[in-house]
Amino acid sequence: MEQVYISTDRLSSQWCIDLVSDDGSGGLVMFIGNVRNQTKGKTVKYLDFEAYEPMAIKEMQKIADTAKDRWKLHKMVIHHRVGKVPIGEEAVIIACSSPHRKASFEACEYAIDTLKETVPIWKKEFFEDGEVWVSARP
Amino acid sequence: MKVTVTAFGIAKDILNKKQTEVEYSGTTVADLRQQLIQEFPEFAKLASLKFAVNTDYVNDDFVLNSNDEVVLIPPVSGG
């Protein structure tokens with residue numbers, strides 16, 4: 001099972017749903033982070049993600065393990081795209097399942113918030129007139 | 001001490017390459033950080049600069065070995 005997964009190919013929400021579906025789970029929550037067409041009013045052409053892959057996988061696994069343990073989830077998957085990602089496509093998909101919905105809502109939010117703080121993946125925004133590494137400078 | 005550092009994201013742009021050898025006085029990550037900032041002042045302008053050794057985050061007091069896989073982690077922005 002691809003619980004944590006990094007790919008240059010387009011991510012599949014259906015695959016994530018299938019991976020976390022469980023007959024004992026009454027709730028399934030999925031977060032999809034999409035590529036937006038603008039940032040601070042400026043038109044974005046596309047994003048390019050770079051990962052330090054062995055460590056990113058390790059950190060994503062830590063998040064999934066912690067979330068499963070803390071919220072008693074049945075399953076959690078975290079899939080992240082790398083390389084060039086066009087507007088409207090998925091950069092990240094996080095899905096989890098649990099007996100009741102509240103646990104999955106909280107776990108999913110924890111997972112995306114923590115991923116944005118700890119997982120060594122970087123995105124560059126490409127504009128008509130330049131490019132910038134997101135969050136690099138204060 | 002001499003270590004090979006690998007850089008990602010904006011850190012790679014600052015070094016102008018993916019990997020470089022750094023020679024510095026001292027043994028800790030803090031010593032390495034000081035040397036890097038001296039050679040490449042742009043590092044001081046980042047919102048943060050963390051270090052990973054053998055795929056784990058390490059603190060500034062971590063003592064490096066010359067064969068460690070040292071990676072510069074500028075502010076992450078996944079998701």
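Trainee: Where is Ser135(A) placed in chain A, and what makes it partly exposed?

Mentor: Ser135(A) lies in the segment after β9 (130-133) of chain A, where strands (E, at least two residues) and helices (H or I, at least four) are DSSP runs, numbered from the N terminus. A residue is buried if 20 or more other C-beta atoms, placed from the backbone, lie within 10 Å of its own, exposed if 12 or fewer, and partly exposed in between. Ser135(A) has 18 such atoms, so it is partly exposed. This is a predicted model, in which local features need pLDDT of at least 70 and side-chain atom pairs count only at pLDDT 80 or more, while totals for chains, interfaces and linings use all residues. Residues are numbered from 1 along each chain as its sequence is written, and chains are lettered from A and ligands numbered from 1 in the order in which they are written.

Trainee: How do you know that Lys72(A) is exposed, and what is its phi?

Mentor: Lys72(A), in the loop between α2 and β5 (75-81) of chain A, has 12 other C-beta atoms within 10 Å, and therefore it counts as exposed. Its phi is positive, about 50°, although it is not a glycine, and Ser135(A), also not a glycine, has a positive phi of about 65°. Most residues other than glycine have a negative phi.

Trainee: What makes a set of residues a nonpolar core, and which residues have the most contacts inside the largest one?

Mentor: The term covers buried Ala, Val, Leu, Ile, Met, Phe, Trp, Tyr and Cys residues joined through C-beta atoms within 7 Å. The largest core has 60 residues, with the most contacts inside it made by Met76(A) and Ile78(A); its largest share, eight residues, comes from helix α2 (residues 53-71) of chain A. Contact requires C-beta atoms, placed from the backbone, within 7 Å, and, leaving aside neighbours within four places in sequence, the partners of Met76(A) include Val20(A), Ala64(A) and Cys96(A).

Trainee: How many residues of chain B are in contact with chain A, and how do they divide by type?

Mentor: On this side, 16 residues of chain B are in contact with 23 residues of chain A. The side of chain B divides into 10 nonpolar, five polar and one charged, where Ala, Val, Leu, Ile, Met, Phe, Trp, Tyr, Cys and Pro count as nonpolar, Asp, Glu, Lys and Arg as charged, and the others, Gly among them, as polar.

Key: Two residues are in contact if their C-beta atoms, placed from the backbone, lie within 7 Å.
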